[in-house]
Amino acid sequence: MSIDEKFDNAKDKVTGKAKEVEGKITGDKSREVEGKAQGLFGKAKDKLSDAAETVKDKAEDAYESVKDGVENLKK
């Protein structure tokens with residue numbers, strides 16, 4: 001995950017928490033729910049980025065294994 005992605009995700013989580021707290025303090029349920037949703041969105045983006053990175057790593061590992069297997073067959 002790039003630094004920009006990490007920053008963007010953290011920004012969503014922090015902003016979401018701030019909105020949630022603001023909503024609780026002011027009694028604005030809509031703002032509270034909006035904040036919770038934004039925070040969850042930031043967390044979901046983190047998980048999705050992590051999953052994409054894992055898939056990419058596994059694909060690269062599989063490619064290297066196949067490449068090594070082909071090389072071994074050539075010997």
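Where does A59 lie? I looked it up: A59 is in helix α2. For helices I take DSSP runs of H or I with at least four residues, for strands runs of E with at least two, numbered from the N terminus.

**Entry: ground rules**

I am working on a predicted model, where local features need pLDDT of at least 70, side-chain atom pairs count only at pLDDT 80 or more, and totals for chains, interfaces and linings use all residues. Residues are numbered from 1 along each chain as its sequence is written, and side-chain values use heavy atoms, with hydrogens and water left out.

**Entry: the chain overall**

I counted secondary structure first. The protein chain has 2 helices and 0 strands. I then checked its dimensions. The C-alpha atoms fill a box of roughly 75 × 20 × 10 Å along the principal axes. The radius of gyration is 21 Å, while a compact globule of 75 residues would have one near 11 Å. That radius is taken over C-alpha atoms, and the globule rule is 2.2 Å times the number of residues to the power 0.38. Burial came next. Of the 75 residues in the protein chain, 19% are buried. Buried means under 20% relative accessible area, exposed over 50%, and partly exposed in between, with a 1.4 Å probe and protein chains only.

**Entry: the helix pair**

How do the axes of α1 and α2 cross? Helix α1 covers residues 3-26 and helix α2 residues 29-74; their axes come within 7 Å and cross at roughly 160 degrees. This makes α1 roughly antiparallel to α2. The class follows from the angle: under 35 degrees is roughly parallel, over 145 roughly antiparallel, 65 to 115 roughly perpendicular, and the rest oblique. I note that the axes are lines fitted to C-alpha atoms, for helices over the stretch in contact, with angles from 0 to 180 degrees between N-to-C directions.

The crossing of α1 past α2 is left-handed. Left-handed means the near helix is turned anticlockwise from the far one by less than a right angle; clockwise would be right-handed. I also sorted the residues of this contact: 1 is nonpolar, 9 are polar and 16 are charged. Here Ala, Val, Leu, Ile, Met, Phe, Trp, Tyr, Cys and Pro count as nonpolar, Asp, Glu, Lys and Arg as charged, and the others, Gly among them, as polar.

**Entry: salt bridges**

How many salt bridges does a search of the whole structure find? I get 13. The criterion is a side-chain nitrogen of Lys or Arg within 4 Å of a carboxyl oxygen of Asp or Glu.

I opened K45 and D12. Their closest N and O atoms are 2.6 Å apart, in a salt bridge. K45 sits in α2 and D12 in α1, so the pair ties together parts that are 33 residues apart in sequence. K45 is buried at 18% relative accessibility. D12 is buried too, at 9%.

Next I took D46 and K13, whose side chains form a salt bridge at 2.5 Å, N to O. D46 is in α2 and K13 in α1, 33 residues apart. Is each buried or partly exposed? D46 is buried at 16% relative accessible area. K13 is partly exposed at 29%.

E34 and K19 gave a salt bridge at 3.1 Å, N to O. This pair links E34 in α2 with K19 in α1, 15 residues apart. E34 is partly exposed at 35%, and K19 is buried at 16%. I also logged a network: D8, K11, D12 and K45 are joined by salt bridges that share partners.

**Entry: two spot checks**

I returned to A59. It is partly exposed, at 47% relative accessibility. A59 and A10 are 49 residues apart in sequence and 28 Å apart in space, C-alpha to C-alpha.

I then checked G39, also placed in helix α2. G39 is buried, with a relative accessible area of 12%. G39 and K13 are 26 residues apart in sequence and 4.1 Å apart in space, C-alpha to C-alpha.
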